[in-house]
Amino acid sequence: MSKKEKWFLGLLSFALLFTGFAQMPIFKRYYLADIPGFAWTADYYLNHRLHYLLAFILLFYLFYKVVTFFSSFQLKNLTFLGWLKVFLWGGIVFTGMLRVLKNFPQVVFDYKTVMYVDWIHLGLPFLLFIFFILGKVAGISYLRK
Ligand code: HEM
């Protein structure tokens with residue numbers, strides 16, 4: 001992965017995390033929104049739409065990665081860490097999609113499902129970050145050379 005691509009994915013993931021938290025809404029509660037220039041962080045609908053836009057960009061990027069991986073037969077070179085990342089990204093997208101579905105008035109999930117989907121959607125990005133750091137510290141790549 002090129003340095004540019006790493007920066008793109010890192011900034012996109014941070015922006016998704018930030019707009020995700022802004023929907024909870026914690027930035028008013030913890031006074032970030034009171035800092036001049038940060039009032040928008042307490043605007044639920046603005047951050048909700050931003051999160052959807054960023055999620056769309058992420059879906060396009062992940063689709064491009066999947067297609068290039070399959071077309072270059074790289075799948076067999078994925079290490080255990082590589083497969084872990086595939087499942088974590090898959091879980092983030094799947095729970096994100098379920099949350100999008102939940103927002104349709106016609107779609108009703110029981111509260112336990114909503115709670116678990118929410119926890120998984122919240123927890124997986126952190127797991128992804130922990131495995132990214134572990135991979136860096138242990139020098140494990142997600143692709144066999
Ligand atoms: C790195 C990727 C992502 C991160 C870090 C992330 C993070 C978050 C966080 C922290 C929340 C707030 C959770 C809460 O309300 O308790 C959230 C909500 C949400 N996310 Fe994501 N998300 C990501 C990707 C996606 C994707 C790909 C989708 C759609 C396919 C998505 C759709 C949603 C939706 C619909 C909500 C709920 C908004 C609401 O109804 O309040 N997210 N996300």
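Predicted model: local features only at pLDDT ≥ 70, side-chain atom pairs only at ≥ 80, totals over all residues.
1. A word on terms before we start: a residue is called buried under 20% relative accessible area, exposed over 50% and partly exposed in between, with a 1.4 Å probe and protein chains only. By that scale Val86 counts as partly exposed, because its relative accessibility is 41%. Val86 belongs to helix α4 (helices, H or I of at least four residues, and strands, E of at least two, are DSSP runs numbered from the N terminus).

2. Residues are numbered from 1 along each chain as its sequence is written, and side-chain values use heavy atoms, leaving out hydrogens and water.

3. Now the overall fold. The chain has 5 helices and 0 strands, and its C-alpha trace spans about 50 × 40 × 25 Å along the principal axes. Of the 145 residues, 27% are buried.

4. The ligand is surrounded by 23 residues, and Gln23, Tyr44, His51, Asp118 and His121 are the closest (a residue is near if one of its heavy atoms lies within 4 Å). By class, this shell holds 14 nonpolar, 7 polar and 2 charged residues; here Ala, Val, Leu, Ile, Met, Phe, Trp, Tyr, Cys and Pro are nonpolar, Asp, Glu, Lys and Arg charged, and the others, Gly among them, polar.

5. His51 and His121 each donate NE2 to the iron atom of the ligand, at 2.0 to 2.1 Å (donors are N, O and S atoms within 2.8 Å of the metal, or 3.2 Å for Na, K and Ca; water is not among the atoms, so sites may look incomplete). Since His51 sits in helix α3 and His121 in helix α5, the pair ties together parts that are 70 residues apart in sequence. Both histidines are buried.

6. As for geometry, the 6 donor atoms around the iron subtend angles of 88 to 179°, which makes the arrangement octahedral (six donors qualify if opposite ones are over 155 degrees apart and all others between 65 and 115). Ideal angles for six octahedral donors are 90 or 180 degrees.

How values were computed
Tetrahedral: all angles 85-135°; square planar, octahedral: opposite > 155°, others 65-115°.
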